[in-house]
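Here is a briefing on a predicted model. Please look over the sequence and the structure before reading on.

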Amino acid sequence: MSEDATPLERFIRGIIPENPVYRQLLGLCPTLAVTNNMKAAMTMSGAVLFVLVGANLVVSLIRGLLKPHLRILIFTLTIATFVTIADRFLAAFMYPMSKELGPYVPLIIVNCIIICRCEVCASRQSPAAALGDALGQSLGFALALASIATVREILGSGTWLGIRILPAGWDDWVIMVLPGGAFLTMGLLLGIANWLGTVRRNPKATE
Amino acid sequence: MDLLVTLLLIAVGAALINNFVLHYFVGLCPFMGVSRRLDTATGMGFAVTFVISVASFLSWTLTYFVLRPGAPVTTWLLHREVDLSILNYIVYIFVIASSVQFVEMYVRRFFPNLYRSFGVYLPLITTNCAILFACLEIMKHVSGVEDPSRVWGLPQALTLAFFAGIGFTIAIVIMAGIREQLDVADVPRALQGAGIAFIVAGILAMAFTGFTGVDRGLEKLLKPAPSRAETSSPAQVHSSGGEE
């Protein structure tokens with residue numbers, strides 16, 4: 001990523017060209033764990049959006065004070081603070097969802113997307129650039145989660161966002177809501193993303 | 001005897017039934033990143049087992065004595081019950097980061113051979129979600145549990161952590177073995193690398209789904225029927241993930 005991109009360019013880049021899940025393979029635990037239905041996936045994306053924007057802004061504001069060897073520690077403590085806020089908020093206003101997401105909300109602390117964005121972007125750029133970057137990356141994350149959750153929820157329970165899509169005679173593919181289905185869906189979607197992104201465009205290139 | 005059975009159930013649950021990688025999806029980054037070769041995968045597995053045990057010991061101690069509602073230290077200091085559990089996450093991440101740092105220094109000073117075999121994996125473990133996940137699982141059984149007889153002691157916490165690490169090692173070693181064979185297989189180009197790794201992991205996860213219910217079978221076998229009602233709680237709580 002070049003150093004002089006405008007906030008808008010950073011925002012657009014995060015969505016598809018540098019999608020955190022499909023392109024950079026970051027933040028895999030929540031990607032697989034909470035995508036057995038669409039609602040949980042969207043709540044998770046919202047939590048990540050909040051934490052990423054908050055952490056990126058704070059890190060960007062204090063970037064002049066960071067000491068190189070304490071940097072990662074400061075990042076994680078900042079992130080942990082925002083995650084605690086998000087976790088308490090979910091527990092207060094969306095209790096059933098907070099129960100369903102369980103430990104995966106606190107696990108946002110060690111989500112590599114956020115540490116990576118703090119390190120790569122926020123600790124070097126102005127708050128505006130950091131904000132654009134955070135919004136783009138979290139939107140890209142939300143899109144990735146939505147794609148996986150769509151496949152898994154429709155095939156696994158015949159519904160999408162809780163609304164019945166497939167006819168009632170559909171036999172649910174139970175494997176899709178089990179852990180195995182998460183890995184399979186992720187692997188196949190990753191293959192499709194690779195095929196669309198690189199292999200099809202320059203068929204000569206080898207990996 | 002009851003304690004031993006409980007520990008056995010926790011161990012089987014953590015290592016096989018609710019395998020951290022293949023059931024809870026934590027620790028996926030090293031699972032995907034370091035599973036290309038068998039020897040590095042083994043090294044990573046043991047490094048994680050080591051750190052997860054140390055971090056869980058520290059976080060259990062802190063949760064039990066300081067952080068949980070009505071913990072001894074805060075009650076003694078302030079003469080009333082205080083709930084510090086809002087600080088849990090910050091404290092855990094701090095404990096993990098510093099314990100990795102100390103473990104690294106200690107191992108380098110006293111076990112240079114072991115240090116060389118761990119290599120760069122020790123510092124990488126700080127951002128391994130499996131460690132934090134183990135701390136959170138332990139927290140769930142210590143902090144905010146109403147019935148005092150159900151609160152986990154140190155043996156339960158350490159068993160969970162150690163066998164979770166063993167489960168991680170098993171998963172990553174199997175994965176590395178398969179991926180070494182995949183190097184010579186003809187994989188479609190779009191799936192090469194991460195794509196096929198995920199599909200292999202999916203098949204592994206399906207295989208591990210086969211362990212579901214083993215803990216309940218063991219429990220029936222090992223626990224005398226009359227005392228089951230009051231002693232079976234920790235294992236049942238733990239196995240609830242496998243029933244979904």
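How many salt bridges does a search of the whole structure find over all chains? The search finds 4. A salt bridge here is a side-chain nitrogen of Lys or Arg within 4 Å of a carboxyl oxygen of Asp or Glu.

This is a predicted model, where local features need pLDDT of at least 70, side-chain atom pairs count only at pLDDT 80 or more, and totals for chains, interfaces and linings use all residues. Residues are numbered from 1 along each chain as its sequence is written, chains are lettered from A and ligands numbered from 1 in the order in which they are written, and side-chain values use heavy atoms, with hydrogens and water left out.

**Salt bridges**

- Side chains of opposite charge can pair when their charged atoms come close.
- In chain A, A:R88 and A:D87 pair through their side chains at 3.3 Å, N to O.
- A:D87 is buried because its relative accessibility is 6%; the classes are buried under 20% relative accessible area, exposed over 50% and partly exposed in between (1.4 Å probe, protein chains only).
- A:R88 has a relative accessible area of 44%, so A:R88 is partly exposed.
- In chain B, B:R37 and B:D39 form a salt bridge, with the closest N and O atoms 3.2 Å apart.
- B:D39 is partly exposed at 48%, and B:R37 is partly exposed at 48%.
- B:K140 and B:E137 form a salt bridge at 3.1 Å, N to O.
- Both B:K140 and B:E137 sit in helix α8 (residues 129-142) of chain B, 3 residues apart, about one turn of the helix.
- B:E137 is buried at 6%, whereas B:K140 is partly exposed at 46%.

**Chain B: make-up and surface**

- Chain B has 13 helices and 0 strands; these are DSSP runs, helices being H or I of at least four residues and strands E of at least two, numbered from the N terminus.
- Of the 244 residues in chain B, 51% are buried.
- B:F65, B:V73, B:W76, B:L77 and B:L78 make a nonpolar surface patch of about 530 Å².
- Patch members have over 30% relative accessible area and no salt bridge; like charges are joined within 9 Å, and nonpolar side chains (Val, Leu, Ile, Met, Phe, Trp, Tyr) within 5 Å.
- Accessible areas come from the Shrake-Rupley method with a 1.4 Å probe, and for residues only the protein chains shown count as cover.
- Helix α4 (residues 72-78) of chain B gives the most to this patch, with 4 residues.
- B:W76 lies in helix α4 of chain B and is exposed because its relative accessibility is 66%.
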